Every structure is written in C-alpha cells, then in structure tokens.
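Hello,

Here is the structure I promised to pass on to you. Please have a look at it first, and then read my notes below.

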Amino acid sequence: ERVITVTGSEQAVCSAYELMCSKLEAGEDGNQSKNLNLRLVVPAAQCGSIIGKGGSKVKEIRDTTHASINVAQDLLPGSNERCVTVAGARSKCVQAINTIISIIAAKPSTSAVVQYKPNFAPVGGFPGPVPPMDGRRGGPDPRMGGMGMGGPPMPNNPLAALAMTARNHMSSRRAGSSGEEASHNMTISNDLIGSI
C-alpha cells in the first residue's frame, strides 16, 4: 500500500484527485474499471465534521453524490488518523472527495497529527510513531488539518522522497502565502500505483 500526498490550493487538490480517479478508472493495463474504491487518510479530529451530528453530514454526502462513504471507527496503525473509504463510479467519487475536502478546509484541525505510514515499524520494539529525525515534521498544516505526509523520506521509498521534496518546496513558499495551500493523503494499493 502506498500513500499519495497532494499539495496545493483546494481547487488544485480537487483537480488532482479528479485526474487520479480518471487514471485509476482507465487502469494500468487499459482494463477500465466501472467502480473505484478509494481510501482517504483524514485526521481523526476532523472526522466528526465529515460524519456530522448523528451521521447527518455523511448521509447528506451519500445522498447528494450517490457514492458509498464509510468513515472507519479505528485509527490507522501508529497514527491518530482514520480511513474514509469512498466507492462508486468515478464521477460520484470525485464529487464526494471534493465535498470532503471542502468540509476539511472549512474546519481545520487544531491538534497535532501523527500521520499514518504504511509498513509502520515500531522504534526500539515499542509501539508508536517513528520520531522525526530532522525536526521538519512539526504539527498539522493549520489550514487543512495536516493531511500531508511529513517527516524524513523513508529508505527505498521514492514516493515518500518526492512528497518530502514537494512539501519542503511548499514550506519555503508559504512564508508569504495567504494560507490557501494544503496537503492531502490517499492510499493506493501497490497493484494500481502504476496507473498514477
């Protein structure tokens, strides 16, 4: 399993997800898929905004987009993030993801986010998140709840290295920014990553 990090303005992030969904629908070998099954990684503190009181918001998103949406109750291993599964036809998934991104943008997380890392390995035999080695991984991105992948690149993981390079580039540009950019994560299975 791989985590894809998308960084940019709300509109740019939505456009990137739409393009990725189109690529996933087309398939790596040209075999078109009728339905997509996507997993978004969302800080647990922001899942309440997606669910709504008594599940009203997630029901509204389901009714509006006709996509299947499930917010996991359990935290992802070694993190304080949860998985939001979005399934259905490409257009329905894109609409649901855009709605979820808008909700998260409207209510940024105020707490620190311990981000999910696939193939999580405890340090020193004790469970828990891998501590940052270079001090760059502070807390969440205050604009979108830190839905970005932070910390040092993992060994032999070019995707993590690319994400870190992009994050560093974005951080250097943020000093004079108006607060419009943020990062988002989505997990993709290894057999579909070639499509992206």
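**A buried glutamine, and what surrounds it**

Q46 is buried, with a relative accessible area of 2%. Before you go further, please keep in mind that this is a predicted model. Q46 sits in helix α2, which covers residues 44-51. A polar atom of its side chain lies 3.3 Å from the backbone oxygen of I104. Because a residue counts as buried when its relative accessible area is under 20%, Q46 at 2% falls within that class.

**The overall layout**

The chain has 196 residues, of which 40% count as buried. You will find 5 helices and 5 strands in it, and from the N terminus they follow the order β-α-β-α-α-β-β-α-α-β. If you take the contacts between residues at least 6 apart in sequence, 71% of them join residues at least 24 apart. The accessible surface of the chain is about 10,000 Å², and carbon and sulfur atoms account for 53% of that.

**The nonpolar cores**

Which residues touch the most other members of the largest nonpolar core? They are Y17, L40, I50, V84 and V86, out of 31 residues in that core. A second, separate core has 5 residues, among them V3, L76, C83 and Y116.

Leaving out residues up to four places away in sequence, V84 touches L38, R39, L40, V42, I50, I69, N70, V71 and I100.

**Where to be careful**

The average pLDDT of the chain is 74, and 65% of the residues score at least 70. Confidence is highest in helix α3 (residues 56-65), at a mean of 96, and lowest in helix α5 (residues 158-174), at 47. Over residues 124-162 the pLDDT stays under 50, and the model has 91 contacts beyond four places in sequence for this stretch. Residues 168-178 also have a pLDDT below 50, with 11 contacts in the model beyond near neighbours in sequence.

Happy exploring, and best wishes

Methods. Residues numbered from 1 in each chain as written. Predicted model: local features only at pLDDT ≥ 70, side-chain atom pairs only at ≥ 80, totals over all residues. Heavy atoms only, no water. Helix = DSSP H or I, 4+ residues; strand = E, 2+ residues; numbered from the N terminus. Buried < 20%, exposed > 50% of the residue type's maximum accessible area, 1.4 Å probe, protein only. Polar contact = N/O pair within 3.5 Å; in protein donor to acceptor, adjacent residues only side chain to side chain. pLDDT = per-residue confidence, 0-100. Contact = heavy atoms within 4.5 Å. Core = buried A, V, L, I, M, F, W, Y, C linked by side-chain atoms within 4.5 Å. Areas by Shrake-Rupley, 256 points an atom, 1.4 Å probe, with all protein chains shown as cover.
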